[in-house]
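Hi,

Here is the structure you will be working with. Please open it and keep it beside this email. My notes follow below.

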Amino acid sequence: MNRSIALFEEAQNYIPGGVNSPARAFKAVSDTPRFIERADGAYIYDVDGCQYIDYIGSWGPMILGNNNPVVLKAVQEAIVKGLSYGAATEAEVTMAKLVCELVPSMEMVRMVNSGTEATMSALRTARGYTGRSKIIKFEGCYHGHCDSLLVKAGSGLMNSGIPDSAGVPEGCAQDTLTATYNDFESVERLFEENKGQIAALILEPIAANMGVVLPDGDFLRKIREICDVNQTVLIADEVITGFRMGIDGAQGLLGIKPDLSTFGKIIGGGMPVGAYGGKREIMEMVAPCGPVYQAGTLSGNPVAMAAGIAQLTELKNHPEIYDHINGLGAMLCDGLKEIISEAKAGCVVNHIGSIGSLFFTGKPVTDYASAKTSDTAAYGNYFKHMLKGGVYLAPAQFEAMFISNAHSEENIKATLELAARFFGV
Ligand SMILES: *Cc1c(COP(=O)(O)O)cnc(C)c1O
């Protein structure tokens, strides 16, 4: 790891914290980042020549595995035609039709360059549509780094212990109301206290940025109902779950119909892409059709569209991919559950489909507060043990493990054996 250390030292002189996104720093596990040279299939390789089984997959996008040949070929064919035109292309029509075909709640869609842009724009659209200002988000849900959403957010904020970012003017956050995930009464209360003022409620239908936390019982159904009663726009942030929980995302799996949805990560096949869309009547508010302004010089970029279309088409044409990744997800998470029960360790595993989290707490993890009871130092030790043994997990407790179609049963077995050694069983 000598070269990684040297690069990290140099990086810190020029890049804040040495990384271009805090989730990449190994601060939360008291280590320094490995610098990655390349990735292939289920593996990534660092600049010191170490190979790791990759459970990050670029934080979700690489659902087909790293360096998928179909996606690569599509990109190669696109790049020779020019990298960007700033003009309309056929690929954008193909992408929009594909997304609307795959996700029934989507009638219109606008492409952007990141998940952050998608959620920020969806909120603006909801506010423009309703003429209201206030929004509800949940503690521990992460929706990117737009000002009004950096309140009690998950992911990097939670991992670094920053509940609310500095630099967000009070005015930007005062219209953001926070509720407790899986606590419908906390939502009801906010609606009662702010009658007729709530433009949108945004949530991760399956939370994956305070570690994986599942919505229980009829939580989502009740949320849908209260949004209907109050004419509040329900925004499902499917940046992680979209095209992963199934081709129609968490909304398909759990049977809820949001008014707007946001996508990112998988939709770009590894290129920087996000998207937001939903009901026609709401999306027709967006410029140049309507008065809500939102734009992007590189939005719908032809190379990014090629990668995204190729990946979504593979997923559409090969539903068996979901059987494979969900099967391996169950194998990994059930295996971890057995290990912690045999070791009588104070840990819990939350799992759905191809994502899961091992929390170092004895309590069930159902929301931000219970996730926060995790022993992050213990997670750090586990992370370092796994990394040393060739398994690359998220360098922080409050993230998910991501399984791709390139992972094999052998990968999972090797991972479980290594984990068992950590727990001494
Ligand atoms: C990653 C993420 C975002 C932000 O996407 P970026 O592309 O990082 O801006 C938004 N919402 C959720 C649920 C995410 O996991």
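A polar contact is a pair of N or O atoms within 3.5 Å; within protein, one must be able to donate a hydrogen and the other to accept it, and residues adjacent in sequence count only if both atoms are side-chain atoms. The model is predicted, so local features need pLDDT of at least 70 and side-chain atom pairs count only at pLDDT 80 or more, while totals for chains, interfaces and linings use all residues. Residues are numbered from 1 along each chain as its sequence is written, and side-chain values use heavy atoms, without hydrogens and water.

Start with the ligand. A backbone N or O atom of Tyr142 is 3.3 Å from one of its nitrogen atoms. The side chain of Thr116 has an N or O atom 2.6 Å from a ligand oxygen. Asn209 places a polar side-chain atom 3.1 Å from an oxygen atom of the ligand. On its own, the ligand has 380 Å² of accessible area, and the protein covers 83% of that (Shrake-Rupley method, 1.4 Å probe; for residues, only the protein chains shown count as cover).

Residues around the ligand include His143, Glu204, Asp237 and Lys265 (near means a heavy atom within 4 Å). The shell has three nonpolar, six polar and three charged residues. Ala, Val, Leu, Ile, Met, Phe, Trp, Tyr, Cys and Pro count as nonpolar; Asp, Glu, Lys and Arg as charged; the others, Gly among them, as polar.

Now the backbone. Which peptide bond is cis, with omega near 5°? The one from Ala287 to Pro288. Pro288 sits in the loop between α10 (280–283) and α11 (302–317). Helices (H or I, at least four residues) and strands (E, at least two) are DSSP runs, numbered from the N terminus.

Ser30 is not a glycine, yet its phi is positive, about 50°. Ser30 lies in the loop between α1 (2–14) and β1 (36–40). Is Ser30 buried or exposed? Ser30 has 61% relative accessibility, so it counts as exposed. Trp59 also is a residue other than glycine with a positive phi, near 70°. Trp59 is in the loop between β3 (51–54) and α2 (69–79). Its relative accessibility is 18%, so Trp59 counts as buried. The cut-offs are under 20% relative accessible area for buried and over 50% for exposed, with partly exposed in between (1.4 Å probe, protein chains only).

Best wishes
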